[in-house]
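Subject: Handover of a structure and notes on it

Dear colleague,

Please find the structure below, together with its sequence. My notes follow it, arranged by topic.

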Amino acid sequence: MKFNTKVIHGGQQHDPSTGAVMPPVYHTSTFAQKSPGVHTGYEYSRADNPTRTALEHALESIENGARGLAFSSGLAAIDCVMKLLKPGDEVIAMDDLYGGTYRLFTRFYEDMGIRFHFISMNDLADFEAKINEKTKLVWIETPTNPLMKLADIEAIAKITKKHGVLFAVDNTFATPYLQKPLDLGADIVMHSATKYLGGHSDVIAGALVIKEEALGKQLHFTQFATGATLGPQESFLVLRGIKTLHLRVERHCFNGQKVAEFLEQHPLIDKVLYPGLASHPHHELAKKQMKGGFGGMVSFTFKSGAKQDAVSFLEKLKVFTLAESLGGVESLANHPALMTHASIPAEKRAEIGVTDDMVRLSVGVEDIEDLISDIEQALNAN
Ligand SMILES: *Cc1c(COP(=O)(O)O)cnc(C)c1O
């Protein structure tokens, strides 16, 4: 099955009792047993629920993994992976991560005795030199949030395999429509399904897809034993979102490219960070690793370098909504330093380049002319 067919049919079957084409939303906590221990495969909804199972099979299909798991949030999915670790273990993570991921790593797991190395992942020799016998996990995002940096999944996977280290990729920004980390050698793919998979800004959800069955079983056990599972209603919404993923991402890519090109030639704008621009430092890697486009996320800074220019631009937008989050059909705009990345200390933000004049756009699927003219009027008002 090809991808555009998989998003609709992958891992799905009609409801065996009624023929319902979409899985019913099984609002039930428990399942009747014929005799003690004799059941349909479902016992209690924290362990498994049929609506969640339908979503998990769809996730397996679109990311080419053995096991999909759906969580109550993206962070719950990351937390489940982190629970594989023991005090003394080390993690190598990218130095530009979603703010909440960074917070989880440094405010919880560091205190529990896990050591993190945050590095750029551009220098693969430096990366390999950081691996020692305590290194258990490598965690990356590509493209990153909000700097849109890329990391070479295939090259990193070769190194993690050689050293027997688990390799997880947060694929939230790219989505499996553009990029399939498991095919490139990663062990685990993670999603904030709140974003492009759900696609309509109406649900908080997370996902893991695991390449090997044995690790998938272990993580399913952790999820069951610790409890951060996705409810049936939310599972239904994410599954419905996935059915149009290919259509939406195609338009996000088209609009994202146009917005990035418009900003790049605008006299008030300094840097435009978008992997689809030839000026992007990782454009060649993006062309190799991301298939069919470069996504809908665009970050930029002002020539003035002034925080006030970013703030007043954001206040004047009309079609774009000033809000956290991303990946929905509607366009959103965000000020990383004051909003999504405020949990990263100011010095650390300055060090990695999340400056106070930076704006991050989640370009939606509206008419491109309306999006460009909205950006234009908000810039001209400055
Ligand atoms: C939003 C996001 C997360 C966290 O997901 P939640 O669903 O908000 O818990 C993790 N990684 C990335 C890249 C995100 O954008």
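In which loop is P143 found? P143 sits in the loop between β4 (135-141) and α6. Please bear in mind throughout that this is a predicted model.

The loop between β4 and α6

A cis peptide bond joins T142 and P143, with omega at about -10 degrees. P146 has its place in the loop between β4 and α6 as well, and the bond joining N145 and P146 is also a cis peptide bond, with omega at about 5 degrees. M148 lies in the loop between β4 and α6 too. Its phi is near 60 degrees, a positive value in a residue other than glycine. With a relative accessible area of 2%, M148 is buried.

The domain assignment divides the chain into domain 1 (3-242) and domain 2 (245-380). Taken over C-alpha atoms, the centres of domain 1 and domain 2 are 26 Å apart. In domain 1, 42 residues are in contact with 43 residues of domain 2. The area buried between domain 1 and domain 2 is about 3400 Å², and carbon and sulfur atoms give 62% of it. On the side of domain 1, the residues that lose the most area to domain 2 are L150, L178 and Y196, which together account for 22% of what that side buries.

As for polar interactions, 19 residue pairs are in polar contact between domain 1 and domain 2. The side of domain 1 that touches domain 2 draws at least two residues from each of α1 (3-9), α4 (99-109), α6 (153-163), α7 (175-178) and α9 (232-242). The residues of that side divide into 22 nonpolar, 13 polar and seven charged. One salt bridge is found across the interface of domain 1 and domain 2. D152 and K288 form a salt bridge in which the closest N and O atoms are 3.5 Å apart.

Helix α9

Helix α9 is largely enclosed by the rest of the structure, because eight of its 11 residues are buried. The buried residues are P232, S235, F236, L237, V238, L239, G241 and I242. They pack against α1, α2 (50-63) and α10 (245-264).

Salt bridges

The count of salt bridges comes to 11. One of them is formed by the side chains of R67 and E56, at 3.8 Å from N to O. R67 lies in strand β1 (residues 67-71) and E56 in helix α2, so the pair ties together parts that are 11 residues apart in sequence. Both R67 and E56 are buried.

Two further salt bridges lie within helices. The side chains of K287 and E284 meet at 3.4 Å, N to O. K287 and E284 are three residues apart in helix α11 (residues 283-289), so about one helical turn separates them. K287 is partly exposed, with a relative accessible area of 43%, whereas E284 counts as exposed at 56% relative accessibility.

The side chains of K348 and E351 meet in a salt bridge at 3.7 Å, N to O. Being three residues apart in helix α13 (residues 346-352), K348 and E351 are likewise separated by about one helical turn. K348 counts as buried at 18% relative accessibility, while E351 counts as exposed at 61%.

S45 has its place in the loop between α1 and α2. S45 is buried, with a relative accessible area of 13%, and its side chain reaches the backbone oxygen of T28 at 2.6 Å. Leaving aside neighbours within four places in sequence, S45 is in contact with T28, S29, F31 and R52.

In the loop between β10 (321-322) and β11 (332-334) lies S325. Phi of S325 is near 80 degrees, a positive value in a residue other than glycine. S325 is partly exposed, with a relative accessible area of 25%. G328 is also placed in the loop between β10 and β11, but G328 counts as buried at 0% relative accessibility. The C-alpha atoms of G328 and T194 are separated by 8.5 Å, although the two residues are 134 residues apart along the chain. Leaving aside neighbours within four places in sequence, G328 is in contact with G199, H200, S201, H252 and G364.

With kind regards

Conventions: Residues numbered from 1 in each chain as written. Predicted model: local features only at pLDDT ≥ 70, side-chain atom pairs only at ≥ 80, totals over all residues. Heavy atoms only, no water. Domains from an automatic or database assignment. Contact = heavy atoms within 4.5 Å. Buried area = accessible area lost by both parts, 1.4 Å probe. Salt bridge = Lys/Arg side-chain N within 4 Å of Asp/Glu carboxyl O. Polar contact = N/O pair within 3.5 Å; in protein donor to acceptor, adjacent residues only side chain to side chain. Helix = DSSP H or I, 4+ residues; strand = E, 2+ residues; numbered from the N terminus. Nonpolar A, V, L, I, M, F, W, Y, C, P; charged D, E, K, R; others polar. Buried < 20%, exposed > 50% of the residue type's maximum accessible area, 1.4 Å probe, protein only.
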